[in-house]
Amino acid sequence: MGKKVIKKRRRRIRWKTVIPMLIAFILVIYLMVSLFGMLLGGSKQDGFTTCKLSTSKLQKKLSSKQYAGLMEMSDFIFYGEHLSLYSEEYEVGTNDSFVGRTMILKNVCSNKEIKIDKLGDTLDGQIDTRDLPVGLYEVYIVDNLIEKRLYMDVALKTSNAIYTTAGTKVEVLADAALLNKKNAKENALDRNYVFIHVTKEVSPENELDIMLNPGPITINATEGQTGNGVTEEEEMYRLAKKVKDILTKKGFKVGISHEEYNWMSLYGETGTLAAGYQSNAKYFVNLGVYSGGEESKGMQIVHSSYVSNELAASIYDEITSKTSLEGKTQTFDVVSSSRSGVYDSWYEIREAGGRALGTGLYSERSADNAFASNENGMEAIYLDLFNIDNADDVVRWNEEFDQIANAIAEGIVKHLSESK
């Protein structure tokens, strides 16, 4: 009788069990190696890094540089989304020696240059931060045909940054210890050279791009204007909600400075301006109407006397081309604020400007906003949309409300999206 052949059963691999165990094993090994590397070589990660350049590579690029000349920078201002650099400490209404010169920004990451010819004396006359590609920029001023590297006498030790509507974080740096590694005995840089650092970064959730301030725009709590069957508070809040909805759908972060029928003062730490400052808004848009007898009609948009009319003009052009609303006059439809001394007279604009426009300094009452005297400035405008006493103006407003709201939003979008 022949031997019985016994066939061995082949064991089947249970992949559903093996694969998760294998992944878990690999993760444990990876974490152990990473931790071990940090313990042994953690100091290699110390210091400033950017655009895939380690601290060591940045040190090699920058520490040994020789400059044809040096020039001291003493101050800088953020206003809206613009950055201005100054040779002297900034003071409202004074001219600076950088005005009229050429500025050159040299990107350490890409080796590309941005040249800004003839720096202006307005708060939007230098660097539009939305225009800056990601990178680390050395800053130069051309003086007698020599490119002079900017530095500061005293190092900047605090964060000096804004988040732009272009989705970047823009920061001013000036610290000789910037490139130091941990426990360095001496600074890697021989001076507090000025850098502008731009990273692709979304703003914190609680920060806004635009704050809408619907009228009545008050210092003391008062009721709004009434005429021809409409009230200012109802119409302007309705407008703010509509404009906010449109801008939000376009990707902007927008707030309204107060709740409906909540008559907050423009001044004080609980006021409408404070709401803008607390949210680090870049733009403060006042929405109002006026009364001036039955004959007066049309709209007017006011901007700071220290900034160009570009934002105001963009909104005005959209409104007049997309609706039947007209300007108040043929020559003064988009106007800059008048001045009282060196300060803008329109307090809705001046008090939104932070240090750039002298917030809190104009008068004893203005001192209620002293909490914002060192804040970045919000670029503010005032829209006087129609004469509530003029029946024709009110008819146009009622009939074309949606078109007007869309035109205001589109004017803002066009201006802010030019560099996006």
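**Group meeting: a disulfide and a helix pair**

Cys-51 is partly exposed, at a relative accessible area of 31%, where partly exposed lies between buried, under 20%, and exposed, over 50% (1.4 Å probe, protein chains only). Cys-109 also counts as partly exposed, at 27%. This is a predicted model, in which local features need pLDDT of at least 70, side-chain atom pairs count only at pLDDT 80 or more, and totals for chains, interfaces and linings use all residues. Residues are numbered from 1 along each chain as its sequence is written, and side-chain values use heavy atoms, without hydrogens and water.

These two cysteines form a disulfide with sulfur atoms 1.8 Å apart; the criterion is a pair of cysteine sulfur atoms within 2.5 Å. A search of the whole structure finds one disulfide. The torsion about the S-S bond of Cys-51 and Cys-109 is about -80 degrees, so the disulfide is left-handed.

I turn now to the helices. Helix 5 (residues 310–322) packs with helix 9 (residues 401–416) at about 145 degrees, the axes being 8 Å apart. Axes are lines fitted to C-alpha atoms over the stretch in contact, with angles from 0 to 180 degrees between N-to-C directions. Helices are DSSP runs (H or I, at least four residues), numbered from the N terminus.

Which residues of helix 5 meet helix 9? They are Glu-310, Leu-311, Ser-314, Ile-315, Glu-318, Ile-319 and Lys-322, contact meaning heavy atoms within 4.5 Å.

In helix 9, the buried residues include Phe-401, Ile-404 and Leu-416.

Conventions:
Helix = DSSP H or I, 4+ residues; strand = E, 2+ residues; numbered from the N terminus.
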